[in-house]
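Biologist: I am new to this structure and would like to know what stands behind the terms used for it. Please show it, and then I will ask.

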Protein chains: 2
Amino acid sequence: MGDELRVSQADIFKALAHPVRLQILQMLQQGERCVCELVAEIETEQPNISRHLAILKKDGILGCRKDGLKVMYWVRDRRAFKLLELSREMLKSYWQEKSGVF
Amino acid sequence: MGDELRVSQADIFKALAHPVRLQILQMLQQGERCVCELVAEIETEQPNISRHLAILKKDGILGCRKDGLKVMYWVRDRRAFKLLELSREMLKSYWQEKSGVF
DNA sequence: TTACTATATTCATATATAGACATATAATTA
DNA sequence: TAATTATATGTCTATATATGAATATAGTAA
């Protein structure tokens with residue numbers, strides 16, 4: 001199957017370290033989506049979306065399956081969403097510090 | 001002060017996306033450390049450590065202060081450790097899947 | 001079979017990142 | 001002041017990453 005999954009901790013963060021990939025994950029919070037739905041909402045070319053999906057898959061974040069002409073992608077481990085949530089909260093604290101609350 | 005902090009969500013993950021930086025954070029789990037302590041334990045040159053520290057600081061993960069000749073660094077938001085912990089747990093699940101538990 | 005739709009891949013190129021090595025700076029001590 | 005220690009920075013180079021544009025592939029429908 002060639003479906004090797006030799007991933008490091010740094011690879012997980014690397015996979016998340018791009019705005020388009022974060023947007024993809026956000027869209028997958030409510031369940032699986034086909035590539036065309038992602039392409040419709042995300043402001044970049046289809047080949048780019050495919051490439052970013054491939055990265056997220058290679059690093060074990062996404063799974064996918066064919067459904068006719070479409071390919072459906074989903075997030076394999078909900079803890080990935082927890083990572084997004086935590087980092088969002090961290091950013092919020094950054095703002096508060098800037099305005100002197102901290 | 002030039003201490004601007006214009007950081008995106010992707011920047012946070014980018015900051016964590018390197019094994020040396022992960023090792024630094026791990027060493028800072030028990031509190032602040034000076035650069036020389038990090039250099040003593042991490043298998044890379046001092047200038048590299050300094051640069052990785054600069055990246056972590058720029059992206060808001062670390063704070064630092066001078067203490068005589070030394071510079072002490074610490075993790076500003078304990079949620080950063082939670083990110084490490086979650087990603088470690090995700091990796092563990094990856095293994096289990098490989099060995100067919102999943 | 002041909003045409004069409006959804007997705008992936010190749011190629012070329014631009015930009016970012018990492019590390020080696022040398023050097024600079026700042027605080028301390030002699 | 002000069003020497004020493006701890007840390008940061010500059011330069012160069014290698015490698016990785018991201019993207020546009022074109023093209024390939026797979027499944028479906030006619």
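Biologist: How many residue pairs are in polar contact across the interface of chain A and chain B?

Modeller: The rule finds ten residue pairs across that interface, with both residues at pLDDT 80 or more. A polar contact is a pair of N or O atoms within 3.5 Å; within protein, one must be able to donate a hydrogen and the other to accept it, and residues adjacent in sequence count only if both atoms are side-chain atoms. This is a predicted model, where local features need pLDDT of at least 70 and side-chain atom pairs count only at pLDDT 80 or more, while totals for chains, interfaces and linings use all residues. Residues are numbered from 1 along each chain as its sequence is written, chains are lettered from A and ligands numbered from 1 in the order in which they are written, and side-chain values use heavy atoms, with hydrogens and water left out.

Biologist: Why is the pair Arg79(B) and Glu89(A) called a salt bridge?

Modeller: The term asks for a side-chain nitrogen of Lys or Arg within 4 Å of a carboxyl oxygen of Asp or Glu. The N to O distance between Arg79(B) and Glu89(A) is 3.7 Å, so the pair qualifies. The count between chain A and chain B is two salt bridges.

Biologist: What is the buried area between chain A and chain B?

Modeller: The two chains bury about 3,100 Å², 68% of it on carbon and sulfur atoms. Buried area is the accessible area (1.4 Å probe) that two parts lose on being put together, summed over both.

Biologist: Which residues are closest to DNA strand D?

Modeller: Asn48(A), Cys36(B), Gln46(B), Arg51(B) and Tyr73(B) are the closest of the 23 residues that surround DNA strand D. A residue is near a strand if one of its heavy atoms lies within 4 Å of it. The largest share of this surface, five residues, comes from α4(A).

Conventions: Helices (H or I, at least four residues) and strands (E, at least two) are DSSP runs, numbered from the N terminus.
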